[in-house]
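Here is my note on the structure. Please keep the model open while reading the points below.

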Amino acid sequence: MPRPIRKLLPAALLALAVLPLAAASAASPPAPRLLSRLALGGPGGWDYLAFDAPSRHLFVSRGDRVLVVDVDSDKQIGTIPGTAGVHGIALADDLHRGFVSDGASASVTVFDLTSLKTVATITGTGQNPDAILYDSASHHVLTFNGHSASASVIDPAKNAVVASIALPGKPEFAVADGSGRVYVNIEDKSELAQLDSLQGKLLQTWPLAPCESPSGLALDHAHHRLFAVCDNRTMTVLDAVDGHHVADVPIGDGPDAVVFDGAKGMIYSANGQSGTITAVHEDDPDHYTVAAMVPTQASARTLALDAKLHRLYLSAARLGTGHQANGRRAIEPDSFAVLTVGRP
């Protein structure tokens with residue numbers, strides 16, 4: 001019906017009718033896009049990235065080492081070696097330290113944020129420490145141990161594990177609210193657990209259904225919203241205070257990380273299998289709209305946020321036709337790179 005009606009309008013009226021739409025379209029900011037690729041090459045897999053805002057350094061997990069990239073000069077400036085089976089990197093700017101979860105050796109590598117030199121190795125975590133975070137409320141580092149269904153609590157002043165928190169299943173990504181609450185996805189149960197970081201204990205678990213196999217997790221501190229990305233192309237939103245279900249949002253295939261840009265009210269899910277980022281706008285704390293699907297590269301499943309420039313950094317490599325022993329597709333040699341996504 002609208003099309004025939006428009007044809008009957010005089011030309012001047014038609015121009016006036018479409019002007020507001022054209023003006024609104026012109027005023028809309030451009031969608032994020034792939035801006036650049038920094039070729040880093042080398043062997044090994046990858047997992048999480050971490051961005052340190054004060055130094056403008058990006059820490060990139062890479063098999064048995066961590067690569068350090070200066071994002072403003074767009075080049076690698078260092079390497080932190082000896083991190084076998086590295087999964088994640090936690091940054092504590094107030095302590096001037098970084099912490100790396102070494103999954104293959106059940107340990108944590110501690111390094112200086114300026115010199116990038118290793119200053120300690122902490123042993124005695126649970127098996128396969130995966131996600132890792134620094135909690136500013138307790139001033140502790142927590143590793144989330146995939147093979148032990150536990151969280152190990154580390155006192156950085158002692159460079160030692162001081163406690164262990166039993167979890168109801170296999171933990172994945174975790175976030176802290178800075179006020180004594182830590183949240184972690186339980187991958188094999190499709191649940192989300194809330195911890196008290198000051199008391200070092202599990203408080204409660206909440207269902208994430210219809211989410212299946214949650215991985216990445218992000219937090220909107222101001223509105224107490226948790227964003228869990230899941231294998232069934234779903235992002236589930238929960239209330240961080242009482243765990244009630246808020247919304248489900250469609251995303252791409254194979255997500256492994258999600259970030260929240262509070263200044264823009266945007267959530268970004270990295271979908272490694274579909275080679276996209278799902279950009280979701282927080283219309284208000286209870287309503288969400290998919291704003292764009294941004295092409296990246298197949299295998300780009302983890303990401304970090306540069307909140308100053310509102311840019312995203314992702315790890316990726318070109319995939320070959322064969323398969324590795326773990327069932328994943330083989331990686332083309334020396335094709336590893338860091339992708340930068342943002343607005344021009």
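1. Start with R225. Leaving aside neighbours within four places in sequence, R225 is in contact with A218, L219, D220, V237, L238, D239, A240, V246, E282, P285, D286 and Y288. Contact here means heavy atoms within 4.5 Å. R225 is found in strand β19. Strands (E, at least two residues) and helices (H or I, at least four) are DSSP runs, numbered from the N terminus.

2. A word on the basis. This is a predicted model: local features need pLDDT of at least 70, side-chain atom pairs count only at pLDDT 80 or more, and totals for chains, interfaces and linings use all residues. Residues are numbered from 1 along each chain as its sequence is written, and side-chain values use heavy atoms, with hydrogens and water left out.

3. Is R225 buried or exposed? R225 is buried, with a relative accessible area of 7%. Buried means under 20% relative accessible area, exposed over 50%, and partly exposed in between (1.4 Å probe, protein chains only). The R225 side chain reaches two backbone oxygens: that of P285 at 2.8 Å and that of H223 at 3.4 Å.

4. Next, the disulfide. The count comes to one, taking a disulfide as a pair of cysteine sulfur atoms within 2.5 Å. C211 is joined to C230, S to S 2.1 Å. The pair links distant parts of the chain, 19 residues apart: C211 lies in the loop between β17 (201–207) and β18 (214–220), and C230 in strand β19 (residues 225–230). Both cysteines are buried. The torsion about the S-S bond is about -100 degrees, so the disulfide is left-handed.

5. Two hairpins deserve a look. β24 (residues 276–284) and β25 (residues 287–295) pair in the antiparallel sense over eight bridges. Strands pair if DSSP finds at least two bridges between them. Two residues join β24 to β25, and T278 stands opposite M293. β14 (residues 171–176) and β15 (residues 181–186) also pair in the antiparallel sense, over four bridges. P171 has I186 as its bridge partner. Four residues separate these strands, and G178 takes a positive phi near 80 degrees in that hairpin.

6. Last, the core. The largest nonpolar core has 17 residues; among those with the most contacts inside it are V259, Y268, L314 and V341. Such a core is a set of buried Ala, Val, Leu, Ile, Met, Phe, Trp, Tyr and Cys residues joined through side-chain atoms within 4.5 Å. Beyond its neighbours within four places in sequence, L314 is in contact with residues including L49, I277, L303 and V341.

Key: A polar contact is a pair of N or O atoms within 3.5 Å; within protein, one must be able to donate a hydrogen and the other to accept it, and residues adjacent in sequence count only if both atoms are side-chain atoms.
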